[in-house]
Amino acid sequence: MKKFLALLMTAMLALALVTAGCGGSEEKAADGGAKVLRVGTEPSFAPFEMQADGSDEFTGFDMDLIRAIGKQLGYKVEISAMGFDALIPALQADNIDVALAGMSITEERKQQVIFSDPYYKSGLLVMVPKDNNDIKSIDDLKGKRIAVQIGTTGAFRAEKVEGAKVTAFNDNGSAVLEMKNGAADAVINDAPVLKYFLAQGGSEYAKTVGEVLNAEDYGIAVKKGNDKLAADINKALNELKQNGEFDKIYNKWFGEAK
């Protein structure tokens, strides 16, 4: 009996080791045999990534784009939601293959991940309550209360405002709610995000002021060392721009061809 148990334990251990060696990358095959591309996103960054109420489906410009890239490369795309500040650690831990969440390409992030070629040029805007006529630009935020989304370039920029009290939230909606409730004087976030928010009804109580700040590019992030995947994504991205599919996706979400 002891010998049987010992053999059984040995077989189970061997099986566990084989199973562990089969996962952990975009090369893992799905049930249908297609390779899986595991994508992490923070789905509260409309119109780039969002999740409709009562739905498990992720939608938005980024989501349509990564699905098109996956199709171009022959991958089955699986998308998981997580906090924005958890995306890069998830890449580094091999929990996901791609991070895509309106992520700006910065020198600091380039030390941690590989970015694809830029796919969208953005910038920052300041948003204030509609009845506020004192704040006309970021220069008027000295000593004010600023709400931001944690880990974003808007949060980094707000920290540089002299004397400002900066409060960070997990998503843009919570930052806006802080301002709407009178607990913040302004929100700083990416221009397309705030413009989309205003177009969806936010203009009833909010407005943007000043010029677009810190023009920046968005990129698709992969783990350091995964040069092949980065090259494949760039190849697919270029093909989508050449065959017109990128323009179709862009037009769907922003109303004009790129």
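## A first stop: L177

L177 counts as partly exposed because its relative accessibility is 46%; here buried means under 20% relative accessible area, exposed over 50%, and partly exposed in between, with a 1.4 Å probe and protein chains only. L177 sits in helix α6.

## About the model

This is a predicted model, in which local features need pLDDT of at least 70 and side-chain atom pairs count only at pLDDT 80 or more, while totals for chains, interfaces and linings use all residues. Residues are numbered from 1 along each chain as its sequence is written, and side-chain values use heavy atoms, with hydrogens and water left out.

## The overall picture

The protein has nine helices and 13 strands. Both kinds of element are DSSP runs numbered from the N terminus: helices are H or I with at least four residues, and strands are E with at least two. Of the 258 residues in the protein, 44% are buried.

Contact means heavy atoms within 4.5 Å. Among contacts between residues at least 6 apart in sequence, 68% join residues at least 24 apart.

## The five-stranded sheet

Five strands form an open sheet in the order β10-β9-β11-β8-β12, and their pairing is mixed. Its edge strands, β10 (165-169) and β12 (206-218), each pair on one side only. The twist from one strand to the next averages 20°. Helix α6 (residues 172-180) packs on this sheet, where it touches β8 (120-129), β9, β10, β11 (186-190) and β12. The direction of α6 makes about 160° with that of β11; such angles run from 0 to 180 degrees between N-to-C directions, and axes are lines fitted to C-alpha atoms, for helices over the stretch in contact.

Strands of a sheet pair through backbone hydrogen bonds, either parallel or antiparallel. Two strands count as paired if DSSP finds at least two bridges between them. Strand β9 (residues 145-149) pairs with β10 in the parallel sense over five bridges, and Q149 stands opposite F169 in β10.

## Residues around this sheet

Is D185 buried or exposed? D185 counts as buried, because its relative accessibility is 18%. This residue lies in the loop between α6 and β11. Leaving aside residues up to four places away in sequence, D185 touches M127, V128, P129, I135, K144, R145 and M179.

In strand β12 you will find N214. N214 has a positive phi of about 50°, although it is not a glycine. With 42% relative accessibility, N214 counts as partly exposed.

## The three-stranded sheet

Another open sheet has three strands in the order β2-β3-β4, with antiparallel pairing. The edge strands here are β2 (44-45) and β4 (58-59), each pairing on one side only. Between β2 and strand β3 (residues 49-51), which run antiparallel, there are two bridges. F45 stands opposite E49 in β3.

The loop between β2 and β3 contains P47. A cis peptide bond joins A46 to P47, with omega at about 5°.

## Helices to look for

Helix α8 (residues 227-243) has 17 residues. From its first C-alpha to its last, α8 reaches 24 Å, close to the 24 Å expected at 1.5 Å a residue; the expected span is 1.5 Å times one less than the number of residues. Which residues of α8 are buried? They are L229, A230, D232, I233, N234, A236, L237 and L240. Just after α8, G244 takes a positive phi of about 90°.

Helix α2 (residues 61-73) packs against helix α9 (residues 245-254) at an angle of about 165°, and their axes are 9 Å apart. That angle makes α2 roughly antiparallel to α9; angles under 35 degrees count as roughly parallel, over 145 as roughly antiparallel, 65 to 115 as roughly perpendicular and the rest as oblique. The contact is made by F61, D64, L65 and A68 of α2 and by F246, I249, Y250, K252, W253 and F254 of α9.

## One more residue: D94

D94 is placed in the loop between α3 (87-92) and β6 (98-99). Although D94 is not a glycine, it has a positive phi of about 65°. Its relative accessibility of 33% is why D94 counts as partly exposed.
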